[in-house]
Amino acid sequence: MPDGLNAKPLRLGELFADPYVIESPPYQRPYSWTEVEASQLLDDVTETLHDTGGARGYFLGSILLVDSEADQVGEFYGDLGELPRRFEVVDGQQRLITLTILFAVLRDLEASA
């Protein structure tokens, strides 16, 4: 495990894309957000996009992920390329799950249009 703490800002497109795999470890509490919290998050993101046209980023808050396979970073698996980076959520699980649900709904709405 590397020494120190590495922090960097990520866009949602990066966070939800390969080669990252985000997992919820067993010690995390169950998902508990209601429509109130999910609506507030959606309203905040939508308002930011509307006001700035996406020119200014929206600060989602700190999300703490632990690289559960830090000793394997950079390994390769045959012709498939880099192994997925597996991260365990320490903080931010409710926001990540809510965003995943919202993205899935938007995807399904787009597909049915």
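Buried means under 20% relative accessible area, exposed means over 50%, and partly exposed lies in between, with a 1.4 Å probe and protein chains only. Phenylalanine 103, with a relative accessible area of 37%, is therefore partly exposed.

A word on the basis: this is a predicted model, where local features need pLDDT of at least 70, side-chain atom pairs count only at pLDDT 80 or more, and totals for chains, interfaces and linings use all residues. Residues are numbered from 1 along each chain as its sequence is written, and side-chain values use heavy atoms, with hydrogens and water left out.

Now to the aromatic rings. Rings of Phe, Tyr and Trp (its six-membered ring) pair if their centres lie within 6.5 Å; planes under 30 degrees apart are stacked, over 60 edge-to-face, and the rest tilted. That rule gives two aromatic pairs.

| Pair | Centre distance | Plane angle | Type |
|---|---|---|---|
| Phenylalanine 16 and phenylalanine 103 | 5.4 Å | 85 degrees | edge-to-face |
| Tyrosine 20 and phenylalanine 87 | 5.6 Å | 45 degrees | tilted |

Phenylalanine 16 sits in the loop between α1 (12-15) and β1 (20-23), while phenylalanine 103 belongs to helix α3 (residues 93-112), so their pair ties together parts 87 residues apart in sequence. Helices (H or I, at least four residues) and strands (E, at least two) are DSSP runs, numbered from the N terminus. The other pair links tyrosine 20 in strand β1 to phenylalanine 87 in strand β3 (residues 85-91), 67 residues apart. Tyrosine 20 is partly exposed at 23% relative accessibility, whereas phenylalanine 87 is buried at 11%.

Helix α3 also holds threonine 98, which is buried with a relative accessible area of 2%. Leaving aside residues up to four places away in sequence, threonine 98 touches Tyr31, Trp33, Ala38 and Leu41 (contact means heavy atoms within 4.5 Å).
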